[in-house]
Amino acid sequence: MKKIIAFAGSNSKRSINKELAIYTSGLLNNVEVAILDLNDYPLPIYGIDEETEKGIPENAKKFLKEIQESDGIVLSLAEHNGNFTAAFKNIVDWMSRIEQKLWSNKPMLLLSASPGGRGGASSMAIAKNGFPHMGANLISDFSLPKFYDNFKGGSLVNEELKEAHQKAVEAFENAVSL
C-alpha cells in the first residue's frame with residue numbers, strides 16, 4: 001500500500017491548513033496516511049553558525065526521512081505576511097542542508113487556506129515557483145479562500161470549490177498510483 005504524508009506548513013495548534021490537509025488526505029483511496037505536525041519536530045532557528053557548532057538536528061533528519069519514505073505529499077501552506085510561516089521555512093532550511101532536492105521528486109498536492117479572500121495565494125505562488133528547484137513534483141494545487149465560510153463541519157461546503165478540490169485530489173491520486 002502506498003504511504004502518503006500530510007501536513008500543514010504551520011505550527012498553530014488550531015491550524016486551518018492542518019484541517020484542510022487532514023480532510024484532503026481522508027479523501028484518498030487505497031493509501032496509508034501519516035499526519036505530520038511541525039510541533040513534533042522542534043528545531044532551533046537555522047543559521048550557519050548553529051549548523052557549524054552543533055550540526056544538523058535530529059528532527060530535521062527525521063522529517064526528511066518521512067518525506068523520503070513516502071510515496072506522496074499533501075501539504076497545506078499557511079501564510080504569514082505574504083510568505084511561509086517561520087516554522088515551515090525553518091524546517092525547509094534545515095532539510096535543504098541535508099538534501100537540496102528535499103522533496104525527493106515525490107508527487108505533491110499543494111494546498112493553501114486562509115480566512116481571507118485570497119486563500120494563501122502569495123505563499124502558494126512562492127511554493128509553485130521555488131519547490132520544483134528543491135525536487136518537488138507538483139501534481140496539482142488547490143487554494144481555499146474564506147475558510148470559515150467555505151469549510152464547515154469538517155468538509156467543504158461551497159460546491160464550486162468542492163469540485164475544484166476534487167479534481168486536484170484525483171490528479172494527485174492518479175500520480176501516486178502510477
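User: In which loop is Asn30 found?

Analyst: Asn30 sits in the loop between H1 and E2. Helices (H or I, at least four residues) and strands (E, at least two) are DSSP runs, numbered from the N terminus. Two notes before we go on: this is a predicted model, where local features need pLDDT of at least 70 and side-chain atom pairs count only at pLDDT 80 or more, while totals for chains, interfaces and linings use all residues. Residues are numbered from 1 along each chain as its sequence is written, and side-chain values use heavy atoms, with hydrogens and water left out.

User: What is the phi of Asn30?

Analyst: The general idea is that most residues other than glycine have a negative phi, and most peptide bonds are trans. Asn30 is not a glycine, yet its phi is positive, about 55°. Asn105 also has a positive phi of about 55° without being a glycine, and Asn105 is found in the loop between H4 and E4.

User: Is Asn105 buried or exposed?

Analyst: Buried means under 20% relative accessible area, exposed over 50%, and partly exposed in between (1.4 Å probe, protein chains only). With 54% relative accessibility, Asn105 counts as exposed. Asn30 is exposed too, with a relative accessible area of 67%.

User: How many residues of helix H1 are buried?

Analyst: Seven of the 10 residues in H1 (residues 16–25) are buried, and the helix is mostly covered. They are Ile16, Asn17, Leu20, Ala21, Tyr23, Thr24 and Ser25. Have a look at the start of H1 as well: a side-chain oxygen of Ser15 comes within 3.1 Å of the backbone nitrogen of Asn17.

User: How do I read the sheet, and what is its strand order?

Analyst: Strands of a sheet pair through backbone hydrogen bonds, either parallel or antiparallel. Two strands pair if DSSP finds at least two bridges between them. Here five strands form an open sheet in the order E2-E1-E3-E4-E5, with parallel pairing. Strand E2 (31–35) and strand E5 (137–144) are the edge strands, each pairing on one side only. On average, neighbouring strands of this sheet are turned by 20° against each other, direction ignored. Axes are lines fitted to C-alpha atoms, for helices over the stretch in contact, and angles run from 0 to 180 degrees between N-to-C directions.

User: How many bridges join E4 to E5?

Analyst: Seven bridges join them, and the two strands run parallel. One place to look is Pro107, which stands opposite Asn137 in E5.

User: What can I say about strand E3?

Analyst: Strand E3 (residues 72–77) is mostly covered, with six of its six residues buried. Gly72, Val74 and Ser76 point one way, Ile73, Leu75 and Leu77 the other way, and all are buried. Five bridges join strand E1 (residues 2–8) to E3 in parallel, and Ala6 stands opposite Val74. Another five parallel bridges join E3 to strand E4 (residues 107–113), where Leu110 is the bridge partner of Leu75.

User: At what angle do helices H3 and H4 cross?

Analyst: Two packed helices are described by the angle between their axes and the distance between the axes. The axes of H3 (residues 58–68) and H4 (residues 86–98) cross at roughly 80° and come within 9 Å. Angles under 35 degrees count as roughly parallel, over 145 as roughly antiparallel, 65 to 115 as roughly perpendicular and the rest as oblique. H3 and H4 are therefore roughly perpendicular to each other. Ala60, Lys61, Phe63, Leu64 and Ile67 in H3 meet Ile91, Trp94, Met95 and Ile98 in H4.

User: Is Asn90 buried or exposed?

Analyst: Asn90, which lies in helix H4, is buried, with a relative accessible area of 9%. Leaving aside residues up to four places away in sequence, Asn90 touches Leu43, Pro44, Ile45 and Tyr46. Ala86, also in helix H4, counts as exposed at 61% relative accessibility.

How values were computed: Contact means heavy atoms within 4.5 Å. A polar contact is a pair of N or O atoms within 3.5 Å; within protein, one must be able to donate a hydrogen and the other to accept it, and residues adjacent in sequence count only if both atoms are side-chain atoms.
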